[in-house]
Amino acid sequence: QVQLVESGGGLVQAGGSLKLSCAASGRTFRNYAMGWFRQAPGKEREFVASVSWSGGITYYTDSVKGRFTISRDNAKNTMYLQMNSLKPEDTAVYYCAAGSAPLTTTLRATYWGQGTQVTVSS
């Protein structure tokens with residue numbers, strides 16, 4: 001059982017930066033991949049980025065490559081998403097997830113956080 005709590009969302013102007021955090025708690029007997037998904041109004045929840053348990057393998061959706069960086073600190077049970085050069089189209093609720101690698105689809109997510117709103121203004 002894993003509990004996930006996101007933080008760090010907010011309102012930022014286009015071109016700005018935000019850093020999201022996801023704190024995991026609860027004992028687990030599995031080494032989970034972790035990732036970020038987002039959902040805009042009227043849209044399906046989509047994959048953004050994920051990282052393997054060791055942190056050595058990362059995946060990004062094409063639209064965020066070069067702008068977002070995912071990382072994890074297993075000693076702190078925390079995952080991060082550094083978002084730079086934000087665009088209005090990045091506006092969405094961002095969800096932290098843990099699941100099976102490769103965590104590049106919602107179908108492989110086992111646990112979800114509550115979500116944090118990211119709004120990017122023009």
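D90 and R38 are both buried. This is a predicted model, so take the distances I quote as computed from it. R38 is at 5% relative accessibility, and because the cut-off for buried is under 20%, R38 counts as buried. D90 and R38 form a salt bridge, with their closest N and O atoms 3.0 Å apart. D90 sits in the loop between strand 8 and strand 9, and R38 sits in strand 4, so this pair ties together parts that are 52 residues apart in sequence.

R38 also forms a salt bridge with E46, where the closest N and O atoms are 2.8 Å apart. E46 is partly exposed, at 37% relative accessible area. Through shared partners, salt bridges join R38, E46, R67 and D90 into one network.

How many salt bridges does the structure hold? There are 4. One of them is between K65 and D62, at 3.0 Å from N to O. D62 is exposed, with 62% relative accessibility.

Now a charged residue without a salt bridge. E6, in strand 1, is buried, and the nearest side chain of opposite charge, R45, is 7.5 Å away. What lies 2.9 Å from a polar atom of the E6 side chain? The backbone nitrogen of Q114 does, and the backbone nitrogen of G115 is also 2.9 Å from a polar atom of that side chain. Beyond its sequence neighbours within four places, E6 is in contact with several residues, including C22, W36, Y95 and C96.

Definitions and conventions. Residues numbered from 1 in each chain as written. Predicted model: local features only at pLDDT ≥ 70, side-chain atom pairs only at ≥ 80, totals over all residues. Heavy atoms only, no water. Helix = DSSP H or I, 4+ residues; strand = E, 2+ residues; numbered from the N terminus. Buried < 20%, exposed > 50% of the residue type's maximum accessible area, 1.4 Å probe, protein only. Lys, Arg positive; Asp, Glu negative; His and termini not counted. Polar contact = N/O pair within 3.5 Å; in protein donor to acceptor, adjacent residues only side chain to side chain. Contact = heavy atoms within 4.5 Å.
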